[in-house]
Amino acid sequence: MAFVFYDTETTGVDTNFDQILQFGAIKTDGDMNELDRFEVRCRLMPHVVPSPKALQVTRITPSMLIDPAIPTYFEAIQLIHKKMSEWSPATFFGYNSINFDENLMRQAFYQTLHPIYLTNTGGNFRGDVLNMMHAAHIFAPNVIAVPLNDAGNPTFKLDILAPANGFSHKSAHEAISDVEATIYMFKLMKDRALDVWHNMLNNTSKQNVTHFINENNSFAGANIYFGKKQSWSLAPCGTNPNYNAEFAMFDLSYLPEDYIDLTVDDLINLINQRDSPIRIMKSNSQPILLNTELAPSITIFNNLPQGEIERRIMEIRKNPDFKKRIGLALAGRYSDFESSKYVEKKIFEGFFSEDDINIMAKFQRGDWEERLVLARQLQDLRAREMARRLIYFERPELITKSVRGELENWMSDRLLTQDPDVPWRTIPKAIKEANELLENASKDETVFINSVKEFIAGLG
């Protein structure tokens, strides 16, 4: 199967309220030979305030944000979705993508009325090269050079890690350059830690991970938390009955009999503890799970005798009610969920109907006059609001004066509100951020930050 490696540059790190400004991707064959590449920039959306820090890092200037020669946000996301669909089926990889780029991209698809699960449906799989670097660092130590940060902890930032391993990263934070660095590290791991690489590649499939968990009594699991290695010998101990991709694993360094009789409420409290013996993993997020024989014993067994490990595994297996209660506890952790009042945060609050999906597909193909008619046919209030915004951004003259007035008031409030508790970045928040950056800025940086600050002040 082909691989697609991608990266985004953005207005900030909030995957609900920031936006993609630049997207780059490279398609390769299974041996990482390049087959095609694609990159696109887009303009700033009218209601989004960029982070001065993000622009400082990416060196995206104010003039680039409003360049009429590049696509609008809607046009760019259409191009991205079309290209990724053309490249499918494939396994999609980014670097820290499962926690960041993927969520930002899904939000982009959601806000432009595209299907949001492109990378893990229709024969596609998704992975994260950062996860693979973590796995290599823990289970194949010293095959990847991992630099230390100022605090003395390992750092996996791509712009530091790739050069430390021989990649000439002259254009860090350019999307396509970061994609090239990601491919380089992916290849390097394959060359130096093939067994772990294969195992993690297998884990890009939800079905493969589910099969692995169901067919093994125990296995090695790992994570890196604030630069610190964490690795365990794990036994499966429950599945969320409402979400079959969420599994509970029992850390075998603990005694199962100390927890076997806990109630569902007690188990919810236990799972929510920082150092819980019950660890949660999602089969659709490329978890770091490996066959025990691939893991150096020192990383997972804590010098426990094999007989004692097997006894603890059996203690869990012979208590199906314990596993059932853990599953109920996983589901119970979400029982107090409240719907957000912000449409951006409603992205995962149910699937769209087949009728709305068909209307949204027509929306992509139509002209703006047709889109106006289609928008009124949408039944889902989330989709209807997104369509209304898109028409206002792209062709405001098509909507009625009263609706245009409502959206003008909405956008003014979005940009200028003094409420510090709103979850998005406002103009006042961004100016405050710029002022804080100026306190320690060099002469050249001062010029850049002031240009950004002036631009942001003019957005209102």
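The second largest pocket has a lining of 41 residues, and V13, N96, F100, K157 and H173 are the ones nearest its centre. Two or more lining residues each come from β1 (2-10), α1 (52-58), α4 (97-111), α5 (129-139) and α6 (158-164). Keep in mind that this is a predicted model.

- Sorted by class, its lining has 18 nonpolar, 12 polar and 11 charged residues.

**The mixed sheet**

- Five strands make up an open sheet with mixed pairing, and they run in the order β3-β2-β1-β4-β5.
- On average, neighbouring strands here are turned by 20° against each other, with direction ignored.
- Strand β4 (residues 90-94) pairs with β5 in the parallel sense, over four bridges. Across that pair, G94 stands opposite D128 in β5.
- Helix α3 (residues 73-87) packs on this sheet and touches β1, β2 (20-28), β3 and β4. The direction of α3 makes about 170° with that of β3.
- Helix α7 also has a place here: α7 lies across β1, β2, β3 and β4, and runs at about 40° to β2.

**The antiparallel sheet**

- Another open sheet of five strands has antiparallel pairing and the order β9-β8-β7-β6-β10.
- Which strands are at its edges? They are β9 (278-282) and β10 (289-290), and each of them pairs on one side only.
- Strand β8 (residues 246-251) pairs with β9 over five bridges, in the antiparallel sense. Look for A248, which stands opposite I280 in β9.
- α5 packs on this sheet, where α5 touches β6 (219-225), β7 (228-239) and β10. The direction of α5 makes about 110° with that of β6.

**Where α5 meets α7**

- Two packed helices are described by the angle between their axes and the distance between the axes.
- For α5 and helix α7 (residues 175-192), the axes come within 10 Å and cross at roughly 35°. The crossing is left-handed.
- On the α5 side, the contact is made by V129, M132, M133 and A136. On the α7 side, the residues are T182, M185, F186 and M189.
- What classes of residue make this contact? There are seven nonpolar residues, one polar residue and no charged ones.

**Cavities**

- Rolling a probe the size of a water molecule over the atoms shows where empty space is left.
- The model has three cavities of 30 Å³ or more, and the largest cavity has a volume of about 60 Å³.
- M45, H47, Y73, Q111, T112, M386, R389, L390 and F393 line the largest cavity.
- Which helix gives the most to that lining? Helix α16 (residues 381-394) does, with four residues.
- By class, the lining of the largest cavity has five nonpolar residues, three polar and one charged.

Notes: Residues numbered from 1 in each chain as written. Predicted model: local features only at pLDDT ≥ 70, side-chain atom pairs only at ≥ 80, totals over all residues. Heavy atoms only, no water. 1 Å grid on protein atoms, 1.4 Å probe; cavity = no way out; pocket = protein on both sides within 12 Å on 5 of 7 lines; lining within 4 Å. Nonpolar A, V, L, I, M, F, W, Y, C, P; charged D, E, K, R; others polar. Axes fitted to C-alpha atoms, helices over the stretch in contact; angles between N-to-C directions. Left-handed = near helix turned anticlockwise from the far one by under 90°. Contact = heavy atoms within 4.5 Å. Pairing = 2+ DSSP bridges. Points joined across faces, edges and corners; volume = space filled by probe spheres on them.
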